[in-house]
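Biologist: I'd like to learn how to read a model like this one, feature by feature. Could you show me the structure and start with a helix?

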Amino acid sequence: MIIVCQECSSRLQIDETKVPSRPFSVRCPKCNGSINSSPPSPAVIKSAIALGESPATGNPRIEHPPLPAPLFELDTTSRETSAVVSPTEKLAELLANLLNQQGATSGAAAGGRSQWDLRKTLICIPEDNRERVARSLTENGFQVFVAQDTSQSVERMRENQLDVVILDAAFDPVEQGAIFVTREVNILRPAQRRRLFFVLLSPSLRTMDAHAAFLNNVNAIVNLNDLEELPRLLEHRVREYNELYKDFNHVMGVPAL
């Protein structure tokens, strides 16, 4: 087993037969820093973490600075706009929006989340489901960033404070993208990790299986057969997550996720 020092990026070889079943710490012989580690989860069984630096900074095949995952935007030009909206309907819509904004403001003051504060969501999934998921989430009030490869995903995670990361285990298999995305989540400090909702898409695990989510060190699991329900499932599970940390967030003075 190889673990990487977060301070100096030194790699340490550890006998896997002596690795304890619970998280442990070792002293880096190079910088004398403390390295916190834990046994590999089923989500990272291919051990690409042993490669050292992530593709966002250390891929020799990239000759230019990698770009972060771009924002996904709906194409509204193809929508039909033939319906005529009367002035009365426009006024009613404006009044409804104003009332919603007032309710959202009071909710934010009480530690809630403003309705116009869209959850920043990064999706790291193969191309065959990428646009489908991005469109579905965007239409349901998420601000979606779409990573086409490992470099884009890691750069976006380091550049923005994201609310949600959705990862398919088959994402960018050539660069072992699932491993590097998982590592970026695992190295977050506890305060940062609590502010990120991590979702694993799986072809075999059951949707919302809490035990499997715990074993994979994620907040929720969604089976690929349930992608159509992803926005609803995600909204429901995040609401439960916010309820769990409601008192903690109030004491810390941070809004709900």
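Predicted model: local features only at pLDDT ≥ 70, side-chain atom pairs only at ≥ 80, totals over all residues.

Biologist: Which residues of α8 are buried?

Modeller: They are L230, P231, L233, L234, V238, Y241 and N242. These residues cover an arc of only 165° around the axis, so they sit on the same side of α8. The general idea is that an α-helix has 3.6 residues a turn, so residues three or four places apart point the same way. As for the other side of α8, R232 and E243 are exposed there.

Biologist: What do the buried residues of α3 pack against?

Modeller: Their partners are β5 (119-124), β6 (142-146), β7 and α8.

Biologist: Which residues other than glycine have a positive phi?

Modeller: Q176 is one of them, with phi near 50°. You'll find Q176 in the loop between β7 and α5 (177-186), and with a relative accessible area of 25% it is partly exposed. N217 is another, with phi near 60°. N217 lies in the loop between α7 and β9 and, at 37% relative accessibility, also counts as partly exposed.

Biologist: On to strands, then. How do I read the two sides of one?

Modeller: In a regular strand the side chains alternate between the two faces of the sheet. In β8, F197, V199 and L201 point one way, while F198, L200 and S202 point the other way.

Biologist: Are the residues of β8 buried or exposed?

Modeller: Six of the six residues of β8, residues 197-202, are buried, so the strand is largely enclosed by the rest of the structure. That holds for both sets of side chains.

Biologist: Which strands pair with β8?

Modeller: Strand β7 (residues 164-168) pairs with β8 in the parallel sense over five bridges. Strand β9 (residues 220-223) and β8 pair in the parallel sense as well, over four bridges. L200 is a handy landmark in β8: L167 stands opposite L200, and L200 also stands opposite I221 in β9.

Biologist: What kind of unit do β8, α7 and β9 make?

Modeller: A right-handed β-α-β unit, with α7 covering residues 210-215.

Biologist: Now the loops. Where is I125, and what is it in contact with?

Modeller: I125 is in the loop between β5 and α3. At 0% relative accessibility, I125 counts as buried, the cut-off being under 20%. Leaving aside neighbours within four places in sequence, I125 is in contact with R130, V133, I166, D168, F171 and L201. R130 and V133 are among the buried residues of α3, and L201 is one of the buried residues of β8. Try the distance to V146 as well: I125 and V146 are 21 residues apart in sequence and 8.5 Å apart in space, C-alpha to C-alpha.

Biologist: Where is D163, and how far is it from F197?

Modeller: D163 is in the loop between α4 (150-159) and β7. With a relative accessible area of 9%, D163 is buried. D163 and F197 are 34 residues apart in sequence, yet 6.1 Å apart in space, C-alpha to C-alpha.

Biologist: And the whole protein: how many helices and strands does it have?

Modeller: Nine helices and nine strands. Of the 257 residues in the protein, 38% are buried. Among contacts with a separation of 6 or more, 58% come from residues 24 or more positions apart. Finally, the accessible surface comes to about 15700 Å², and 52% of that belongs to carbon and sulfur atoms.

Key
Residues numbered from 1 in each chain as written. Heavy atoms only, no water. Buried < 20%, exposed > 50% of the residue type's maximum accessible area, 1.4 Å probe, protein only. Helix = DSSP H or I, 4+ residues; strand = E, 2+ residues; numbered from the N terminus. Arc of directions from axis to C-beta. Pairing = 2+ DSSP bridges. Right-handed = clockwise from strand over helix to strand, strands pointing away. Contact = heavy atoms within 4.5 Å. Areas by Shrake-Rupley, 256 points an atom, 1.4 Å probe, with all protein chains shown as cover.
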